[in-house]
Amino acid sequence: MNPTELIKILNVAEKLKCNTRHCYTSSGRHESVAEHCWRTALMAMLLEKEFPQADMNKVIKMILIHDLGEAFTGDIPCFEKSSNDEKKESRVLDDWVQTFPEPERTQWLELYAEMNALETQEAKIYKALDKMEAVIQHDESDLSTWLPLEYELQFKYGTENVQFSEYMKNLKAEIDKITQNKIGSA
């Protein structure tokens with residue numbers, strides 16, 4: 001990829017450093033979309049031995065690009081995001097990726113198609129980690145930042161995405177214990 005094309009892509013990706021998510025960090029500031037993606041990728045790297053048949057490099061790639069649509073739309077919390085919001089984000093992301101040079105355009109379009117289908121082990125791992133990182137981050141934030149609906153959502157969010165793996169189910173159970181202790185100690 002020539003340097004001009006690389007810089008154009010990075011200029012858009014930089015917006016994920018600026019765009020914040022609904023969740024707060026443990027220090028009390030809004031988390032950026034980029035921070036969420038980084039830590040989710042770190043989770044995948046740390047779990048490589050738990051999924052020896054999976055291509056964790058592909059999982060990390062999926063994680064790194066999964067929220068790039070939010071460079072255009074910003075983050076919309078799951079409990080506010082409509083199907084129209086999802087369609088818009090998908091459309092602007094696809095329009096952007098269509099401007100990429102080859103072979104990157106094809107590689108990214110194939111990754112997004114695999115991620116959306118959620119049929120491969122890699123796609124399932126990416127999606128489960130995306131959800132689990134958000135729940136972990138929420139547990140790390142102060143309870144004063146939680147909305148009333150999040151007390152229940154914290155236990156439900158991502159539950160369906162971990163069902164493919166005993167390890168992921170155990171991870172969710174451990175996170176739920178932390179959530180219960182956090183709520184119980186308040």
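User: Contact means heavy atoms within 4.5 Å; which residues does Phe51 touch, not counting residues up to four places away in sequence?

Analyst: This is a predicted model, in which local features need pLDDT of at least 70 and side-chain atom pairs count only at pLDDT 80 or more, while totals for chains, interfaces and linings use all residues. Residues are numbered from 1 along each chain as its sequence is written, and side-chain values use heavy atoms, with hydrogens and water left out. Phe51 is found in the loop between helix H3 (33-46) and helix H4 (56-65), where helices (H or I, at least four residues) and strands (E, at least two) are DSSP runs numbered from the N terminus. With residues up to four places away in sequence set aside, Phe51 touches Met56, Gln121, Ile125, Phe164, Ser165, Tyr167 and Met168.

User: Is Phe51 buried or exposed?

Analyst: One of the residues that Phe51 touches is Ile125, which is 74 residues away in sequence and 8.9 Å away in space, C-alpha to C-alpha. Buried means under 20% relative accessible area, exposed over 50% and partly exposed in between, with a 1.4 Å probe and protein chains only. Because its relative accessibility is 5%, Phe51 counts as buried.

User: Which pattern does the protein follow when read along the sequence?

Analyst: The protein has 10 helices and two strands. Read along the sequence, these elements give the pattern α-α-β-β-α-α-α-α-α-α-α-α.

User: What radius of gyration does the protein have, beside that of a compact globule with 186 residues?

Analyst: The C-alpha trace spans about 55 × 35 × 30 Å along its principal axes. The radius of gyration is taken over C-alpha atoms, and the globule rule is 2.2 Å times the number of residues to the power 0.38. For 186 residues a compact globule would therefore come near 16 Å, and the value for the protein agrees with this, at 17 Å.

User: Which residues form one aromatic cluster?

Analyst: Rings of Phe, Tyr and Trp (its six-membered ring) pair if their centres lie within 6.5 Å, and planes under 30 degrees apart count as stacked, over 60 as edge-to-face and the rest as tilted. The structure holds eight aromatic pairs. One aromatic cluster is formed by Phe72, Trp96, Phe100, Trp108 and Tyr112.

User: What is omega of the cis peptide bond that joins Glu102 and Pro103?

Analyst: Pro103 lies in the loop between helix H6 (83-97) and helix H7 (104-117). The peptide bond joining Glu102 to Pro103 is cis, with omega at about 5 degrees.

User: Is Leu118 buried, exposed or partly exposed?

Analyst: Leu118 is found in the loop between H7 and H8, and its phi is near 50 degrees, a positive value in a residue other than glycine. Because its relative accessible area is 30%, Leu118 is partly exposed.

Notes:
Contact = heavy atoms within 4.5 Å.
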